[in-house]
Amino acid sequence: MADRPHTLYESVLRLTRAVRAAFELRVKETQGLTFARARLLAMIGHNEGASQTELAVALGIETPTLKRQLDALEAQGLAERRPMPDDARKYAVFLTDAARIEPLLGFRAEIEAVLTEGVAAEDIATTRRVLDRMAEKIEKLKAR
């Protein structure tokens, strides 16, 4: 390939892929989960009793995609759906006693520590602000 500077877009993709690959490798080794299922498991842990639709919105995925992931978590004995008291057509989602999100959260903290090691707190704060602002702009692009 020709020598050319990486675009910001390429840099963000490279970082995202590297983080996802490291996370998926570790999670598969310890819990037999894909990245997507681990994300869902952690989201359920932080929002027990949420509906499938609420979880899909929070994760930024379509409800049928969430349903497939949830089916897999149920098959692994890690999550369960219960009819919602106010509407039996909807289901609330809960972790089972067998589910443990602590290792997932621990690895997320480990990734954060590696990413920020040797970086000044002010630079980290600036990076977060800039990335948040960029995410807001992408949301506007999606709305067009």
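This report covers the fold, the aromatic cluster, the salt bridges and a nonpolar surface patch of a predicted model.

## Basis

Residues are numbered from 1 along each chain as its sequence is written, and side-chain values use heavy atoms, with hydrogens and water left out. Because the model is predicted, local features need pLDDT of at least 70 and side-chain atom pairs count only at pLDDT 80 or more, while totals for chains, interfaces and linings use all residues.

## Overall fold

The protein chain has six helices and two strands. Both are DSSP runs numbered from the N terminus: helices are H or I with at least four residues, strands are E with at least two. Along the sequence the pattern reads α-α-α-α-β-β-α-α. The C-alpha atoms fill a box of roughly 55 × 40 × 35 Å, taken along the principal axes.

Of the 144 residues, 27% count as buried. Buried means under 20% relative accessible area, exposed means over 50%, and partly exposed lies in between (1.4 Å probe, protein chains only). The chain exposes about 10,400 Å², an area from the Shrake-Rupley method with a 1.4 Å probe; for residues, only the protein chains shown count as cover. Carbon and sulfur atoms supply 55% of that area. Among contacts (heavy atoms within 4.5 Å) with a separation of 6 or more, 51% come from residues 24 or more positions apart.

## Helix α2

Helix α2 spans residues 35-46 and has twelve residues. From its first C-alpha to its last it reaches 17 Å, close to the 16 Å expected at 1.5 Å a residue. The expected span is 1.5 Å times one less than the number of residues. The buried residues of α2 are Phe 35, Ala 38, Leu 40, Leu 41, Ala 42, Met 43 and Ile 44.

## Aromatic cluster

There are two aromatic pairs. Rings of Phe, Tyr and Trp (its six-membered ring) pair if their centres lie within 6.5 Å; planes under 30 degrees apart count as stacked, over 60 as edge-to-face and the rest as tilted. Phe 23 and Phe 35 are edge-to-face, at 5.4 Å centre to centre with 85° between the planes. This pair links distant parts of the chain: Phe 23 sits in helix α1 and Phe 35 in helix α2, twelve residues apart. Phe 23 is buried at 5% relative accessibility, and Phe 35 is buried at 18%.

Phe 23 also pairs with Phe 107, here tilted, at 5.6 Å centre to centre and 40° between the planes. Phe 23 lies in α1 and Phe 107 in α5 (residues 102-116), so the pair ties together parts that are 84 residues apart in sequence. Phe 107 is buried, with a relative accessible area of 7%. Phe 23, Phe 35 and Phe 107 form one aromatic cluster.

## Salt bridges

Side chains of opposite charge can pair when their charged atoms come close. The whole structure has six salt bridges, each a side-chain nitrogen of Lys or Arg within 4 Å of a carboxyl oxygen of Asp or Glu. In one of them, Asp 71 meets Lys 67, with the closest N and O atoms 3.2 Å apart. The two are four residues apart in helix α4 (residues 63-75), so about one helical turn separates them. Asp 71 is partly exposed at 32%, as is Lys 67 at 41%.

Asp 71 also bridges to Arg 81, where the closest N and O atoms are 2.3 Å apart. Arg 81 lies in strand β1 (residues 79-84) and Asp 71 in helix α4, ten residues apart. Arg 81 counts as buried at 19% relative accessibility. Another bridge joins Arg 82 to Glu 80 at 2.6 Å. Arg 82 is partly exposed at 37%, and Glu 80 is partly exposed at 30%. Shared partners join Lys 67, Asp 71, Glu 74 and Arg 81 into one network.

## Nonpolar patch

Leu 8, Val 12, Val 130, Leu 131 and Met 134 form a nonpolar surface patch, with about 390 Å² of accessible area together. Patches are made of residues with over 30% relative accessible area and no salt bridge: like charges are joined within 9 Å, nonpolar side chains (Val, Leu, Ile, Met, Phe, Trp, Tyr) within 5 Å. Helices α1 (8-31) and α6 (121-143) each give two or more residues. The most come from α6, with three. Val 12, in helix α1, is partly exposed at 37%.
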